[in-house]
Amino acid sequence: SAVCFFEAMPCDKNTYMGRWKSLDGANGEAQLVFPSAAPIDATLLAHIRTVLAPAMHLGLAEGLDNERTLTGSSSFLTGTAGPDGKPITVGVMMRLEADPA
């Protein structure tokens, strides 16, 4: 799984939003809408926040979320060497919004 190459990047609201606003071009953002097999409630979101996010090496952004959202970021260390010979790192940002409807 690709997440084994992620490093969690917890941050505050201002840091996350600054990174989000610096995304460039149409390829910087993707949205996926999908149904949930389980009821979407506070228990499910708490499980995602406390179990799944750490397992995915996702650092949570403090001060952005409510009971129906989860926001976080990671860095992805690739196997491709950059001009300096070090592996290229790519930022990963995620926001999960639960719609109980």
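Start with the aromatic rings: this predicted model has two aromatic pairs to visit.

Select Phe6 and Phe76 to bring up an edge-to-face pair, with 5.7 Å between the ring centres and 75 degrees between the planes. Now colour by secondary structure. Phe6 sits in strand 1 (residues 6-8) and Phe76 in strand 4 (residues 69-81), so this pair ties together parts that are 70 residues apart in sequence. Phe6 counts as buried, at 19% relative accessibility, just as the cut-off of under 20% requires. Phe76 comes out at 25% and counts as partly exposed.

Next, select Tyr16 and Trp20. This pair is stacked, at 6.3 Å centre to centre and with 15 degrees between the planes. Both residues belong to helix 1 (residues 13-21), where they are four residues apart, about one turn of the helix.

For the last stop, go back to strand 4 and pick Thr78. With a relative accessible area of 17%, Thr78 is buried. Show the side chain and follow where it goes: the side chain of Thr78 reaches the backbone nitrogen of Thr80 at 3.3 Å. Then display what surrounds Thr78, hiding its neighbours within four places in sequence; the residues in contact with Thr78 are then Pro87, Ile88 and Val90.

Key:
Residues are numbered from 1 along each chain as its sequence is written. This is a predicted model: local features need pLDDT of at least 70, side-chain atom pairs count only at pLDDT 80 or more; totals for chains, interfaces and linings use all residues. Side-chain values use heavy atoms; hydrogens and water are left out. Rings of Phe, Tyr and Trp (its six-membered ring) pair if their centres lie within 6.5 Å; planes under 30 degrees apart count as stacked, over 60 as edge-to-face and the rest as tilted. Helices (H or I, at least four residues) and strands (E, at least two) are DSSP runs, numbered from the N terminus. Buried means under 20% relative accessible area, exposed over 50%, partly exposed in between (1.4 Å probe, protein chains only). A polar contact is a pair of N or O atoms within 3.5 Å; within protein, one must be able to donate a hydrogen and the other to accept it, and residues adjacent in sequence count only if both atoms are side-chain atoms. Contact means heavy atoms within 4.5 Å.
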